[in-house]
Structures are given as structure tokens and as C-alpha cells.
Amino acid sequence: MARFKQDRMTEKERFEALLNRKPVDRVPFYMWELSFAAVTVGYPKASTFSDPVKSFEAFRRTHDMYDGWHYIYFTPGAIGVREFGGEANLPTGEYAQAVTPTKPIVQSEEDAWSLKLPDVKTAGMIPLVMQFAELQENHGFPITFSSGSILKVVQNLTGAETMCRWMMKKPDVVQRLCRLVADFHIALAQHMVNSFDCPERIIPLTAAPTESNQMISPKHFREFSLPYQREVYERILSMGVKHINTHICGEQNLNLPYWAEIPMGNPGIISIGHEVDLDTASKYFPDHIIVGNVEPALIQTGKPEEVYELSRICIEKGKKHPGGFALAPGCELPPMAPPYNVWMMRKAINDFGWYE
């Protein structure tokens, strides 16, 4: 029978300490569980993206089960699609875990130039985001919202193939869409700040898979993503928000110098994919909290001993990071991951994650 050492802090207290640059007793467990939480408590995966009450309850119960923490948030998935007037499909199949657009909203240059900024108070799934935020406020959680990245939303609007082709042949059209998406992110952030009394409690969450070098070159990151993402973050921080949580998804080693130019708060929270070494991330973001980065595929398909060993390696690297560290999957926890494999991550924290 596994016996864990006695904690002196709760996971919530650990993250609050990290945000205030104070020491913690051990490495926190940042679960990033989304649909895994729904599956764990017996809800359909689709409820993660469609039912704020079930989603919130699934997060809370899964945290209790694993003694973990996560800046829980309600994401409608395929961010921007329904807000700009499109439609999307919820994940229902055995291997599906994400919301997908039914078809691109922007299929021509004319569509791109005629697309208008929606009313963020009423558009698409935002009313459900606000319902989830009210649950967070009522239960003492940080208030979060998922704004996505610049290019992820552009991709959602156009489809990946069209976006990449236009980057090469019609860059002015992509610039137009990036401008519109940036304005959307800023307006949504302002709506959140206006709706709650304490902007210091708000933590925006951004995931940037489309920016990965598996999708675009560093040149295109610098041209299309960097200026707009930097502007969005600067504007959000000027609203009184203190910390931004950013997932630098996938293979982005060549983009890291550009990400390091973007203000993310004091400190920011940066999670990285397994493709980026924790020591490398630490060099680029020494003053921010680093979160990561056990390979999700291994959590899904690997042996428990493999998950435990990879978690140990991540913990021993992460503990050296001066800005603070939390163990996490390198991306969203797979919904059908074996619960025992997830528990092995928590066991590795107990065995190797203490600071004394």
C-alpha cells in the first residue's frame, strides 16, 4: 500500500505561493484534465464543452480524487467558430476529445474582409463561459476564460490548409484576420474584467497549437502571431490582470525566443509540450512558472512504470527552475488515459517532488 508523506499545504495554497514567488513544500500536480475529468466521474466527454455545471463538478471531484490542481476553465472548443457565427461538432466518438468546426466560416477573400467582430457579451458560447466563471467566483476559484491563440482562432475560421496557403500568397488577408481575432480576444478580456470586481483573480488561458513549428515556420510566427499576441497580452495586463497562463503547444523550440518577448504577467504560467526540454524552457522563461511536460501519448498507452519514470525525470529537472514548477502532462490529459497511470504521476511527486 502506497503511503504518501503528509502535506503541509493544499494544492491551491501551493499555486498561490508560486504566484507570489514564495516557497512551497513540494511540486504541485497540475492535472489539465478537461474531458478526462468528465470521464472520471461518469459524464459524457461532450459535457466538458457544453454543460458548465457538469464540467465544474467534474473538475472538483477529479481534483479531490488525485489531490491535484488546475486552473479549471470552461472552453467551448473550436474557439471563435460559434462566436463568429459558425457551427461545431462536439466529441462523441471513442477517440474524439476536441470540438471541431463543421466547415470553415471564411472560405474566400471576400469572407475574410467582410467578417465582423461579434458582440462578446452574447456571441456563441460566451454566455456559458460566464456561467462557469460565476461558479468559480461563488466557490472561491480563480476566474478563468479560454481566449485561444491568434493563429488557432484564424485556423478555426479558415481551416489549416487555407490559412497556410494564404500566409504565402495572400498575407494581407491573414493579417486582416489576425487583427480581427486580436480585437476579439481583447474585447472578451475586457468583458470578463468588467463583469467581476477583482481583475487580480482573473487568469486568462491560451493554448497555441497552430503556432507550433509542425504547422508554421518561425518566420511566419514572427510575422503573423508575435505582434498580435504581444498586443493582446499587453492590453490584458493593463486591465489589472496579473498572470496569464499560456500553453506553448507542440514543437516550438525555434519560436521560444519570440515567446520570450511577450509579457505574460508577474509571474506568468507557461506550460510546454514534451517536444521542448524543461531545461531549455527554463533558460527562456527564468522568472515565470513552468508547467510540464510528461508526454500525453505515454500516459495513454505506456506502462505505469514508464509514466512514473518520465514523471521523475520531469520533476528532477523542474525542481531546479528558479521561477517555480508544477508537474503536468505536456498537453491535455487524454480522456481515456488509464487512471492508474495518472495516479503514478502523483506518486512520483510524492517520491521525488519534495523541496526538503
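Which residues have the most contacts inside the largest nonpolar core? I put this to the predicted model and noted Y30, Y71, C178, M192, W259, L327 and V342, in a core of 109 residues. Looking up where these core residues come from, I found that helix 9 gives the largest share, 13 residues. I also noted a second, separate core of 5 residues, with F49, A78, A88 and V99 among them.

I next followed V342, one of the residues with the most contacts inside the largest core. Setting aside its neighbours within four places in sequence, I listed F29, M31, F36, Y66, I299, L333 and A337 as its contacts. V342 is also one of the buried residues of helix 15, together with N341, M344, M345, R346, A348, I349 and N350. I then looked up what these buried residues pack against, and wrote down helix 2 (35-41), helix 4 (52-66), helix 13 (296-301) and helix 14 (304-318), along with strand 7 (289-294) and strand 8 (325-329).

I checked the length of helix 15 as well: its 14 residues, 339-352, should span 20 Å at 1.5 Å a residue, and the end C-alpha atoms are 20 Å apart, which agrees.

Last, I turned to helix 9 (residues 171-195) and its crossing with helix 7 (residues 150-158), where the axes come within 9 Å and cross at roughly 115°; the crossing is right-handed. From helix 7 I noted I150, L151, V153, V154, L157 and T158, which meet L177, C178, V181, A182 and H185 of helix 9. Sorting the residues of this contact, I have 9 nonpolar, 2 polar and no charged. C178, in this contact, is also listed among the residues with the most contacts inside the largest core.

Technical notes:
Residues numbered from 1 in each chain as written. Predicted model: local features only at pLDDT ≥ 70, side-chain atom pairs only at ≥ 80, totals over all residues. Heavy atoms only, no water. Helix = DSSP H or I, 4+ residues; strand = E, 2+ residues; numbered from the N terminus. Expected span 1.5 Å × (residues − 1). Buried < 20%, exposed > 50% of the residue type's maximum accessible area, 1.4 Å probe, protein only. Contact = heavy atoms within 4.5 Å. Axes fitted to C-alpha atoms, helices over the stretch in contact; angles between N-to-C directions. Left-handed = near helix turned anticlockwise from the far one by under 90°. Nonpolar A, V, L, I, M, F, W, Y, C, P; charged D, E, K, R; others polar. Core = buried A, V, L, I, M, F, W, Y, C linked by side-chain atoms within 4.5 Å.
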